[in-house]
Amino acid sequence: MNSIWTENIDLPHFQSLEGSQKTDVLIIGGGMAGILCAHFLREKGVDYALVERQTICSGVTEDTTAKITALHGLKYHKLLRHAGEEKAKLYLEANQNAVQTYAKLCKNMDCDFEIKTAYVYSIDQRQKIEREIDALRKIGYNAVFSQAQELPIQTAGAIGFENQAQFHPLKFISKIVQGLNIYEHTFVKEFGDHIAVTEKGDISFQKLIFATHFPIDNKHGMYFLKMYQHRSYVIALENAAKVRGMYVDEAKTGLSFRNYKNTLLLGGGAHRTGKSGGNWQELRKAAGMYYPGAKETYAWAAQDCMTLDGIPYIGAYSKHMPDCYVATGFNKWGMTSSMVAAEMLSDLVLEKESPYTELFSPSRSMLHLQLLCNGWEALAGLLTFSKKRCPHLGCALKWNQAEHSWDCSCHGSRFDENGALIDNPANGDLKIADGQ
């Protein structure tokens, strides 16, 4: 199923790599994060090349709900408790700067950019909302309390961030990629010493940025333990009451609401990849209850990398991989986090300091309860009997009836019914791994 963003949009196409090349900075991954990295490196006069296994933005970017905001659920109370006031302020600052950078880039661009208020609401936990507002006041942000009365459901209250934004991601991409040095249908098979090996040539590089959603190198960084993947679902409804703001529930199983022009985007049905969940069925039930006269026009799903502590991994890939950098673990806030990552990494590859390096460091402590959950899922996946095994690390695959795919609950790889790779970290098709 295609998202609303793919309707009537023709993204530029780029040639595949032919022969060997040299570049100062190689970017692997042609989604929003990789393309923004390329954009900023070009602006800084840096020699770079971006390679994409398929076509640009054909993965998670086209499946976003395209909200640009520093309000990432009830984040700041947790940050104050576990990371401290300074890091909570830095997280807010980095993401607010990202919102402002988008506003500057989109100022004279036809990409349906709109300033909106972003809200996190709660059905029955008013104290959580009040606690988050108090946390934000402690770090200098005056958040707005709201009853969220325009929603079709009763809430206990909501927290609002003004001057946030939404846009059409692929219209934005179609403009910003103009003139970028990109190679599509260029698959990196393996790495040597500052060399990336593709099917039709090698690329020598000085610095490397992994912008592949889930990092594709398994040998270093322990990303297969530091992250898991989560699926969430969206349906687009015509003839549904509009909402002026962008809304998400603080509960993991709640609903999200935002309008794109006259279409309401209703999100929810979330679950860990490889597990069961509400998916589109849950959304259609909600639509029938709250918008009985509405018509469904699109339905799609998104996949997100979730980190141990809810903060993305942006920075040096691993101490054992010098000159390599990564942007991953955006925790369902990929549009904003992509901008944060691109602004950071385009400085770090030039050996410039960033005030956010420690906060987003991929090498920070792994001592979080989620690590045990990830480890248990991996062990269970390895011990589960199944003829279908993921070529990533050998976990059992489960059939996803709703989406007709083979999914891995260990690390989130997905394959279509014929075995073709849909989502990484697996780096090849299932039928190849199974010898079919």
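Biologist: Glu85 and Lys89 both sit in helix 3; by how much of the helix are they separated?

Modeller: This model is predicted. Glu85 and Lys89 are four residues apart in helix 3, so their separation is about one helical turn.

Biologist: What is the distance between the closest N and O atoms of Glu85 and Lys89?

Modeller: Glu85 is partly exposed, at 40% relative accessible area, and Lys89 is partly exposed too, at 37%. The two form a salt bridge, and their closest N and O atoms lie apart by 3.2 Å.

Biologist: Which residue forms a salt bridge with Asp112?

Modeller: The closest N and O atoms of this pair are 3.0 Å apart. Asp112 lies in the loop between helix 3 and strand 4 and its partner in helix 5, so the bridge ties together parts 59 residues apart in sequence. The partner is Lys171.

Biologist: How many residues apart in sequence are the parts tied together by Glu250 and Lys128?

Modeller: The side chains of Glu250 and Lys128 meet in a salt bridge at 3.5 Å, N to O. Glu250 is in the loop between strand 12 and strand 13, while Lys128 is in helix 4, so the residues separating the tied parts number 122.

Biologist: Which element gives the most residues to the lining of the largest cavity?

Modeller: The largest cavity holds about 30 Å³ of space, and its lining includes Met246, Tyr247 and Val248. Two elements give two or more residues to this lining, strand 4 (114–122) and strand 12 (246–249). The one giving the most, with three residues, is strand 12.

Methods:
Residues numbered from 1 in each chain as written. Predicted model: local features only at pLDDT ≥ 70, side-chain atom pairs only at ≥ 80, totals over all residues. Heavy atoms only, no water. 1 Å grid on protein atoms, 1.4 Å probe; cavity = no way out; pocket = protein on both sides within 12 Å on 5 of 7 lines; lining within 4 Å. Points joined across faces, edges and corners; volume = space filled by probe spheres on them. Salt bridge = Lys/Arg side-chain N within 4 Å of Asp/Glu carboxyl O. Buried < 20%, exposed > 50% of the residue type's maximum accessible area, 1.4 Å probe, protein only.
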